[in-house]
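Subject: Structure handover

Hello,

Here is the structure for you to look through. My notes on it follow below.

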Amino acid sequence: MGKELEGKTISSEIESKPSLQLQFEVSVFDLYKHYYQVRLTVETNLNQISFCLPNWTPGSYMIRDYVTHLHKFEAINPNNHEPIDWEMVDLHRWKLNNLPPKFEITYIIYAFEDFTVRTNYLETEFGFINPPALFLYPEGRLDTPTTVEFKVSEIFPNIYTSLPRDENNFHKFYSNHFDELFDSPFHLSKKNSVFFTAGTTKHELLIEGDVSFDFKTKLSNDLQKITETQIQWMQESPNQYYLFVLNLSLPAYGGLEHKASSINYFNPELIHDDEEYKRLLELLSHEYFHLWNIKRIRPIALGPFDYQKPNLTRELWIAEGFTSFYDAYFLYHAGFLNLEEYLNKLQSDIFSLEDNDADFWMSLEESSFTAWTKYYKRNGNSHNITVSYYTKGGVLALCMNLFLLQESKEKKTIRHVFHKLNDIFVKEKQRGFTKQEFFDVAKEVTGVDLKLEFNEYLESPKPIPVDVYLDHIGIHRIQTDLIGDTGFKTKEKNGNLYVQKILHKSNNESIDLMLDDEILAINGKRANISILQKLEKNLRPGEKFHLILSRAGKIKETMVTASGLYKTRKFVVSEDCNAEKKELREYFLRNIV
């Protein structure tokens, strides 16, 4: 009797345990109108489920309301084709009630909003799917495995993604949970890819666009050098497989990192220009380094994700800033940048921070925390008050490395800190780290208290004294030829000049100029681009010049006092510095710190 009751109890528990099986089918609803169709087959013993569409994409920190492009939501019982009881309970959520054991949800996704790495796209030559913008997930059940099958072979024979494929169906893929699905974009194409191996990882490169096989081969070979350099830096290959997608279809720029792939867009008209090609390599280097920094070694807030609201963190200066330092540093050590080019890259970032007063308006931590509402939602005044955690974070990483080289007895650097973070938080604890844990690990590994030295530049809006740290390796600034600066930038339209950007500096006078003011005359002469260029060439600091403007249909006059800037400014290697600085410089330039 007792055993029989026990058996009934176990059987009852098995029957009542919530079960959920999900199979997505993606097809092209209308290629020329840019619509995908999604069919979701659900098998469950639940009576009620809510399905949601994500509101943002990890790595791109802004609420995007992807539901804007979801249409014709329907739910039916496939056995009798009767509709399922459902209602839209908020802008991103559908609640389904009185469910049969098996039912289907169908909906249409418009995919021609923007040509970006974070939005869906569909046209005659290719299709791109950013999964958070396409796939519904069951609320509270992100751990549910899924299959995704594409019915598009007559249009796009090749589907590129990092998800594993079905052995018997080339267009069917599996994910262990929704975090994996949402981190695995799909590129639908008629193009073929190329492969290379770096470390123990097989890399696949798909280039969308009209490029020669020679270009594919060159880029593949160059990427092999870059990935080998990064794998050497981390002393591991965390993936068996990694996919690069490079879209060269339209003029665009951007990249988005994923755990086993990256999606990258670049202007096809620029790829044969030597400087622009190096910029492309820098983009690809940046996204590949995220393979470790963010996708594995990460601030604690960056996973697991709430796809409906922001995951706020104050540590994007690590996640993106350190990556921004190392993307070009790896290019230098892989042989794609010479010393002069590398110094130009560093000084470009440093000078961009000094060209306005944003350093006195926003701290690095605020820049990270408010990325959702400020960095990603820029306006005509953003350059004056918003600090980039990419740029300033990269400068901070440079300064931290130089400080560690000088203070650490064993020349320990950020590289060694990352190795330890990887061991502790990725492999052992399997979670992200806090700010304090980052500094604790850094002190344990290097013996140097980085927080004591740098925390004020994280928490307070103040510039980093870059020259002090560059002096540790005998690199100093040269500034000559002080000239006048108008304090604004213009754009030309139909031969007329309009104010495009106004540069605010605390040591300059405020000027009565507004964005989109039309400049009619400069010092009594009809304004055009050549008159403005002549003024800029001969202007001296403190000199006044007269403008006649058209603002909202009214004529206005204003006097502007020129500010000062150095025509020549650059960082140079000092040959007469002491032996210790030369030794540290040699270490920084010859070893990958």
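Contact here means heavy atoms within 4.5 Å. With that cut-off, and not counting residues up to four places away in sequence, Phe-588 touches Phe-325, Tyr-329, His-333, Tyr-342, Leu-398, Leu-402, Leu-405, Ile-473 and Val-593. Please keep in mind that this is a predicted model.

Confidence comes next. The pLDDT averages 95 over the chain, and 97% of the residues score at least 70. Where pLDDT is low, predicted coordinates should not be read in detail.

Now the core. Which residues touch the most other members of the largest nonpolar core? They are Phe-186 and Phe-588, and this core has 147 residues. Helix 5, which covers residues 316-333, gives the most to this core: twelve residues. There is also a second, separate core of 16 residues, with Val-499, Ile-502, Ile-519 and Val-560 among them.

Helix 5 also packs against helix 3. Two packed helices are described by the angle between their axes and the distance between the axes. Helix 3 (residues 213-234) and helix 5 have their axes 9 Å apart, at an angle of about 110°. Angles of 65 to 115 degrees count as roughly perpendicular, so helix 3 and helix 5 are roughly perpendicular to each other. On the helix 3 side, the residues that meet helix 5 are Ile-226, Thr-229, Gln-230 and Trp-233; their partners in helix 5 are Tyr-326, Phe-330, Leu-331 and His-333. Sorted by class, this contact of helix 3 with helix 5 has five nonpolar residues, three polar and no charged ones.

Ser-220 lies in helix 3. Is Ser-220 buried or exposed? Buried means under 20% relative accessible area, and Ser-220 counts as buried because its relative accessibility is 6%. Not counting residues up to four places away in sequence, Ser-220 touches Val-194, Phe-195, Phe-196 and Leu-205.

The other residue is Asp-449, in the loop between helix 12 (435-446) and helix 13 (450-459). Asp-449 counts as partly exposed because its relative accessibility is 30%. The C-alpha atoms of Asp-449 and Leu-404 are separated by 9.3 Å, and the two residues are 45 residues apart along the chain.

Regards

Key: Residues numbered from 1 in each chain as written. Predicted model: local features only at pLDDT ≥ 70, side-chain atom pairs only at ≥ 80, totals over all residues. Heavy atoms only, no water. Core = buried A, V, L, I, M, F, W, Y, C linked by side-chain atoms within 4.5 Å. Buried < 20%, exposed > 50% of the residue type's maximum accessible area, 1.4 Å probe, protein only. Helix = DSSP H or I, 4+ residues; strand = E, 2+ residues; numbered from the N terminus. Axes fitted to C-alpha atoms, helices over the stretch in contact; angles between N-to-C directions. Parallel < 35°, antiparallel > 145°, perpendicular 65-115°, else oblique. Nonpolar A, V, L, I, M, F, W, Y, C, P; charged D, E, K, R; others polar. pLDDT = per-residue confidence, 0-100.
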